[in-house]
Amino acid sequence: MVNKLLLLTRENEVYRDLLIKRNLTDLVILGDSPNSITEANIWFAEPSLATPLLNHARQLRWLQSTFAGVDKLMSPKLRQDYQLTNVRGIFGPLMSEYLFGYLLAHNRQHQHYHQLQQQRQWQPGHYKTLQGQQLLLLGTGSIAQHIATTAKHFGMTVIGINRQGQAISGFDLVDKIDNLLLHLPEADVIASVLPDTPATKNILNRHSLARLKSDAVLFNLGRGNVLDLDALAAQLVLKPDQQAILDVFNQEPLPSNHPIWLAANAIITPHVAAPSFPQQIIDVFSQNYALWCNDQPLNFRVDFEKGY
């Protein structure tokens, strides 16, 4: 059977060239004609580009998202009679680099020493070690597991939070998300890598944020909906020793008039913690395509009911 593939990305030519080099059996890459939307049985797409066209896809049987996040495709108004797979397994190392890069810089006072350098001052300061600190990870999937492994190398205690509280290798303890408030006051570092679902919306709100240690470090790396940004901005003013490193937001780009921009104890990055590389995404697709051709279960299939 010949499979017809529609590319819906901002880098179509890059992906087309990579796919041609793979020479995948019985795969025809369609052009940009509107007819391709109705003809293709496989889509390789960014969720935001696929969403407005999805209900016109007459032959669609499988959509390979080029992103990990697929919340744009979760609306009940959209069809869900196809297999949806996303990209996993490649973001853990990148997220670890991001998190521990900023965390080590914070603990080792890199900015402070840079300022002293500008003033030509030799003035040893006080810094913290990660050894013995507690890292609370909201989410225990592949990204969190990689971060947990890295944290153990630094001698940290790692607590994980997930829906059911099921144990996961590499964590000292895993608890249910319903018990989050019990763990926040004990954590030195909190990092959210949770997906965007109704259950995760604003779980880091005014009430829960108020339970953080006075010098806690908070990372939001997963989805913007987890965090009440207005509540955090207000709290950072009152808690100058707290630090927030934020890479994802409900509205992107982050509006220029939001007060979080001016918080001296916040670092804002434009959703760059774990950029995916086309070659890696093609690897995921190619492995899945081989499974598809052999009528085997696809890797990283998304559950429409769970939203991830």
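This is a predicted model: local features need pLDDT of at least 70, side-chain atom pairs count only at pLDDT 80 or more; totals for chains, interfaces and linings use all residues.
I started with what sits over α10: the cover on its buried residues includes β1 (3–8), α1 (12–22), β2 (27–29), β3 (42–45), β4 (62–65) and β5 (83–85).

Next I looked up which residues of α10 are buried. They are P278, I281, I282, V284, F285, S286, N288, Y289, L291 and W292. I kept the helix repeat in mind here: with 3.6 residues a turn, residues three or four places apart point the same way.

Then I checked the length of α10. The helix runs over residues 278–293, 16 residues, and at 1.5 Å a residue it should span 22 Å. I get 22 Å between its end C-alpha atoms, so the two agree.

On to the packing with α1. How do α1 and α10 lie relative to each other? Their axes are 10 Å apart and the angle is about 50°, so I call the pair oblique. I have the crossing down as right-handed. On the α1 side the contact uses V14, Y15, L18, L19 and R22, and on the α10 side P278, Q279, I281, I282, D283, F285 and S286. Sorted by class, I have eight nonpolar, two polar and two charged residues in this contact.

Is R79 buried or exposed? Its relative accessible area is 17%, and buried means under 20%, so R79 is buried. Leaving aside neighbours within four places in sequence, I find R79 in contact with L54, N55, A57, R58 and L60.

Technical notes. Residues are numbered from 1 along each chain as its sequence is written. Side-chain values use heavy atoms; hydrogens and water are left out. Helices (H or I, at least four residues) and strands (E, at least two) are DSSP runs, numbered from the N terminus. The expected span of a helix is 1.5 Å times one less than its number of residues. Buried means under 20% relative accessible area, exposed over 50%, partly exposed in between (1.4 Å probe, protein chains only). Contact means heavy atoms within 4.5 Å. Axes are lines fitted to C-alpha atoms, for helices over the stretch in contact, and angles run from 0 to 180 degrees between N-to-C directions. Angles under 35 degrees count as roughly parallel, over 145 as roughly antiparallel, 65 to 115 as roughly perpendicular and the rest as oblique. A crossing is left-handed if the near helix is turned anticlockwise from the far one by less than a right angle, and right-handed if clockwise. Ala, Val, Leu, Ile, Met, Phe, Trp, Tyr, Cys and Pro count as nonpolar, Asp, Glu, Lys and Arg as charged, and the others, Gly among them, as polar.
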